[in-house]
Amino acid sequence: MSRVREAVFITLFLTVVSLIVLATITASQGEILPRTTRSLAKTFLNTTYNVIDRKFWTASPEAVAAIVWDYRGLDTFYETIVFYTAIISCLMLYRDILGKPDVTKGEGLSVVVKRANAIATVGIIAVGASTILHGMITPGGGFQGGAIAAVAPVVLLVVFSRNLIDRSRLTYRKSIVLRNLAILSIVLTALLPVLLSAGRGYVFQNQNKEFSVFSYPSLLIDVPMGGSIWFYNLFEGIAVFTAFYLAFRTILYSEAISLIVVEGEDRGF
Amino acid sequence: MLETVIFSIIGAVSLVSIVFVALAISTRDLLKAVIYSAVQSTLYAFLMYLLMAPDIVLVYVAVSVGLLPLITIALLKKVGRYE
């Protein structure tokens with residue numbers, strides 16, 4: 001029986017692999033990198049950082065960040081809200097135990113791992129912060145930087161044991177408040193042009209337009225700042241970082257505590 | 001010339017990633033399966049870099065090599081390591 005199963009597995013595997021290889025070879029028959037820029041890309045590249053004709057410019061040299069947080073700002077905002085509610089519903093499942101101290105007294109890994117990890121944490125946070133704050137110049141942005149920075153607390157939790165959470169100053173309440181403030185700041189950044197220009201501005205307006213003079217700063221000393229894009233990236237980064245932190249500190253509860261959540265389900269309530 | 005080189009690297013990396021997918025499926029040690037799938041994700045991140053999608057690489061590396069293996073290992077600690 002097991003021999004038949006093995007034969008079926010190998011046949012299926014070889015079929016799938018050859019299909020993939022066939023598709024790859026077929027797709028490789030043209031050029032990899034397009035020789036000509038498509039007209040849509042050309043339009044975006046010509047408008048995002050056009051210092052001479054500032055009619056539609058975004059003050060951000062990075063075209064992807066300009067599209068994500070300026071031209072398509074509302075889409076990205078809804079994506080943010082989807083992620084926000086996803087984490088909220090994850091926390092809802094654990095609502096009875098959120099913020100409670102854990103019962104186990106773990107000691108974590110050896111001192112070598114702890115010290116090496118402490119050094120690496122600084123590096124991870126720095127890379128995350130630079131990805132967030134340079135989102136308007138280099139590839140990356142709020143979500144990417146926030147996800148990179150979120151690796152740091154998660155690895156710390158594994159290396160230093162879960163007791164680190166109960167000792168740390170970033171409590172459950174503080175991280176919830178931080179996350180809600182970040183989302184609120186995104187909304188305020190989007191609404192500020194409308195509020196300040198007495199209804200004549202646009203939602204998600206970045207630089208001044210023909211009928212609305214409101215403009216976020218386009219330069220930070222001598223570096224292109226991308227106007228509102230810098231603020232959106234910063235707040236999105238904070239929101240994503242705290243979201244991952246909250247999810248992991250809840251998931252990593254010890255069995256004794258996390259079983260309280262499902263208590264009574266076998267009796268039907 | 002450059003295109004041919006880049007394309008052969010893409011082909012080699014994809015083939016190696018298939019090996020790690022097969023290993024991750026066939027192994028009975030779930031911890032090893034997590035590590036194999038992390039290696040496969042690293043190779044995929046490299047593919048995305050070669051296909052000129054640096055934005056995707058940044059988030060893919062953090063999520064698929066950092067957060068996903070960690071959350072899976074936390075799960076394995078609760079359900080047991082061997083299948």
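Residues are numbered from 1 along each chain as its sequence is written. Local features need pLDDT of at least 70 in this predicted model.

**Exercise 1.** Determine how the span of helix α5 of chain A relates to the expected span.

*Solution.* Helices are DSSP runs (H or I, at least four residues), numbered from the N terminus. Helix α5(A) covers residues 111-133, which is 23 residues. The expected span is 1.5 Å times one less than the number of residues, here 33 Å. From first to last C-alpha, α5(A) reaches 33 Å, close to that expectation.

**Exercise 2.** Classify the packing of α4(A) and α9(A) by the angle between them.

*Solution.* Axes are lines fitted to C-alpha atoms over the stretch in contact, and angles run from 0 to 180 degrees between N-to-C directions. Helix α4(A), residues 73-93, packs with α9(A) at about 20 degrees, the axes being 10 Å apart. Angles under 35 degrees count as roughly parallel; therefore α4(A) is roughly parallel to α9(A). Residues in contact have C-beta atoms, placed from the backbone, within 7 Å. Those of α4(A) include F83(A) and I87(A), and those of α9(A) include A243(A) and L246(A).

**Exercise 3.** State which element gives the largest share of the side of chain B that touches chain A.

*Solution.* The contact takes 19 residues from chain B and 23 residues from chain A. On the side of chain B, α1 (2-26) and α3 are the elements that give two or more residues. The largest share, 12 residues, comes from α3(B).

Terms used: Chains lettered and ligands numbered in written order. Predicted model: local features only at pLDDT ≥ 70, side-chain atom pairs only at ≥ 80, totals over all residues. Parallel < 35°, antiparallel > 145°, perpendicular 65-115°, else oblique. Contact = placed C-beta atoms within 7 Å.
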